[in-house]
Amino acid sequence: MNDVTVAPASWRRRSAVWLVFAVALAVAPWCFPSDAALTLMTQMGTAAILALSFNLLLGSTGLLSFCHATYAGVGAYAGVWCMNRIGVQSLPVSMALVPFAGAFAGAVAGATLGFVTTRRAGLTFAMITLGVAELVWVMAAMLPEWFGGERGIPTDRTLGAAWFGITFATQREIYGLVAVWLFVCTALMYGVTRTPLGFLARAVRDNAGRVAFLGQSPASVRYRMQILAAAFAGVAGALGALNFELVSADTFSLERSGVVLVFTVLGGTAYFAGPMLGAVAGVFATVVLATYTRAWQLYLGLGFLAVVVFAPGGIAGLWAMHWQAWRDGAIRVMWKPYAVACAGLTLFVIGLIAIVEMTYGARLATPGEVNHPATMPWGLAIAATLVGLVVLMRAGRRLRHAAAQARRVDAHAAEVCQ
């Protein structure tokens, strides 16, 4: 009886989540109608597909790849090649189908390179992918007649056939295309994680030796997951080419693969939606924050370091932890030290930001400019940082004590019910 009632409830919750996701994608362009906001959301959608595909390797299979941007670059070049063929030859094909070419090219590249890389796992796999990424990047730079060099290969996304009056001449239409592909790719990747291959990939991640003892080849499982992840990365690359109408050899750079890794870990590799949250936060930091401060890379690095050290579950893990505390009613016991911890964290962050900005201002002053920062702001910033740190540490200890007390109360209540 319990199984019969729990399964429909779980199905309804999942359906509600997917419905909310679809509605959010559909409503977003109406809430933020400017071209700048649409461009930002388009980049977030493309980065979300790439991060989700990367997590098929890192989160599901336990493979740390440093050449994932290579597959996105292959998909981007395949997309630009198709777009230029469509435009030159006036083929009756819509640009909405270009991501299929990116997926095919990415899958072929994943099957070719993955045949070598997936024979090993762990640190060996990471080092092999690092060498592959460097090799492809250098090769693309050495062959400018094929890859366009630093100038890249331009294209025009409006030369395709108009389907239902859509020619992708506006940023809203491009956002709509990325939103559709994001929803479809997210659903497909979620489906992959629920298939026998997805369960086998998690088993290989946890204990490859036992999987081999049961008769399955861990290398074969890793190889198939690599092909799927590369195909979705190719879709992201083709969508990026459609958005920017340009692709260059920098698409294969190690920096791109590093950014994907940062986004994925920032969001949380243990949760399916974690990479999407990390992509949204990461793109916001790299695009919006860069317009306000020259220290945006420092802030992104500090945020990544803080997540790795203090919140290994990422943004999704923090959300899940708060949701669980709310459901269990522990928030009634923990809200006072939690509020103090938030106040201390706010004071610490404000003081740290003030120190960083004043340091950048003093360090990057133009030659001949007299820049004598006042002693009082520096003193206030340092005092705020130290006081916030002390308050945060003390509130953290109280918060852990309150959480332990809440767990003891729950355990006692469970014993009484039994």
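Glu245 sits in the loop between α10 (218-244) and β2 (246-247); helices here are DSSP runs of H or I with at least four residues, strands are E runs of at least two, and both are numbered from the N terminus. Glu245 isn't a glycine, yet its phi is positive at about 55°. At 24% relative accessibility it counts as partly exposed, because that label covers whatever lies between buried (under 20% relative accessible area) and exposed (over 50%), using a 1.4 Å probe and protein chains only.

This is a predicted model, so local features need pLDDT of at least 70 and side-chain atom pairs count only at pLDDT 80 or more, while totals for chains, interfaces and linings use all residues. Residues are numbered from 1 along each chain as its sequence is written, and side-chain values use heavy atoms, with hydrogens and water left out.

Phe168 is another non-glycine with a positive phi, of about 60°. You'll find Phe168 in the loop between β1 (153-154) and α7. Phe168 is buried, with a relative accessible area of 6%.

Leu197, Gly198, Ala201 and Val204 are the buried residues to look at in α8. Looking down the axis of α8, its buried residues fall within an arc of 120°, so they line one face of the helix; the arc is taken from the directions from the helix axis to the C-beta atoms. In general, an α-helix has 3.6 residues a turn, so residues three or four places apart point the same way. Over on the other side of α8, Pro196 and Asp206 are exposed.

## One salt bridge

How many salt bridges does a search of the whole structure find? It turns up one, counting a side-chain nitrogen of Lys or Arg within 4 Å of a carboxyl oxygen of Asp or Glu. The partners are Arg205 and Asp206, whose side chains meet at 3.0 Å, N to O. Arg205 is partly exposed at 36% relative accessible area, and Asp206 is exposed at 57%.

## A positive patch

Arg12, Arg13, Arg14, Arg194 and Arg327 gather in a patch of positive charge on the surface. Patch members have over 30% relative accessible area and no salt bridge, with like charges joined within 9 Å; the place of an Arg charge is taken as CZ. Helix α1 (residues 2-31) supplies the largest share of the patch, three residues.

Arg194 belongs to the loop between α7 (171-193) and α8 (196-206). With 42% relative accessibility, Arg194 counts as partly exposed.

Key. Patches are made of residues with over 30% relative accessible area and no salt bridge: like charges are joined within 9 Å, nonpolar side chains (Val, Leu, Ile, Met, Phe, Trp, Tyr) within 5 Å. Accessible areas come from the Shrake-Rupley method with a 1.4 Å probe; for residues, only the protein chains shown count as cover. Lys and Arg count as positive and Asp and Glu as negative; His and the chain ends are not counted.
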